[in-house]
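Subject: Structure for you to look at

Hello,

Here is the structure you were going to take over. Please open it first and then read the notes below it.

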Amino acid sequence: MTLMQIIDILGYIGTALVVLSFLCSSIVKLRILNAIGASFVTLYAALTHTWPIVLLDGFIVIANIYQLQKLRKNKRGM
């Protein structure tokens, strides 16, 4: 297996995880799975030098982490 094939597999795994995240009924599970998937896609995009995708998916990762922290904080405050 070549390095490029391994890099492509990272992209496919990330894409699959993002798609699967939308099937989750729990918002927490959705955000966790989506963040992991977007992380894989961000890594793939960085390795293939597709900078607009790095920016988009990097932002998605940050947004998911931020929202997860807000959810955790609100749950503790209840």
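Helices (H or I, at least four residues) and strands (E, at least two) are DSSP runs, numbered from the N terminus. On that basis, the protein chain has three helices and zero strands, and its elements run α-α-α from the N terminus on.

Please note that this is a predicted model, in which local features need pLDDT of at least 70 and side-chain atom pairs count only at pLDDT 80 or more, while totals for chains, interfaces and linings use all residues. Residues are numbered from 1 along each chain as its sequence is written, and side-chain values use heavy atoms, with hydrogens and water left out.

The predictor's confidence in each residue is given as pLDDT, from 0 to 100. The protein chain averages 96, and 97% of the residues score at least 70. Confidence is highest in helix 2, at 98, and lowest in helix 3 (residues 51-77), at a mean of 94.

Along its principal axes, the C-alpha trace spans about 50 × 25 × 15 Å. Of the 78 residues in the protein chain, 27% are buried (buried means under 20% relative accessible area, exposed over 50%, partly exposed in between, with a 1.4 Å probe and protein chains only).

How do the axes of helix 1 and helix 2 cross? Axes here are lines fitted to C-alpha atoms, for helices over the stretch in contact, and angles run from 0 to 180 degrees between N-to-C directions. The axes of helix 1 (residues 3-21) and helix 2 (residues 27-47) cross at roughly 155 degrees and come within 7 Å. The two helices are therefore roughly antiparallel to each other (angles under 35 degrees count as roughly parallel, over 145 as roughly antiparallel, 65 to 115 as roughly perpendicular and the rest as oblique). Contact means heavy atoms within 4.5 Å. Among the residues that make the contact are Ile7, Leu10 and Asp8 of helix 1, and Leu33, Phe40 and Tyr44 of helix 2.

Two residues remain. Histidine 49 is in the loop between helix 2 and helix 3. Its phi is near 60 degrees, a positive value in a residue other than glycine. Most residues other than glycine have a negative phi. Histidine 49 is exposed, with a relative accessible area of 55%. Tryptophan 51 lies in helix 3 and counts as partly exposed, at 47% relative accessibility. From tryptophan 51 to alanine 63 is twelve residues in sequence and 18 Å in space, C-alpha to C-alpha.

Regards
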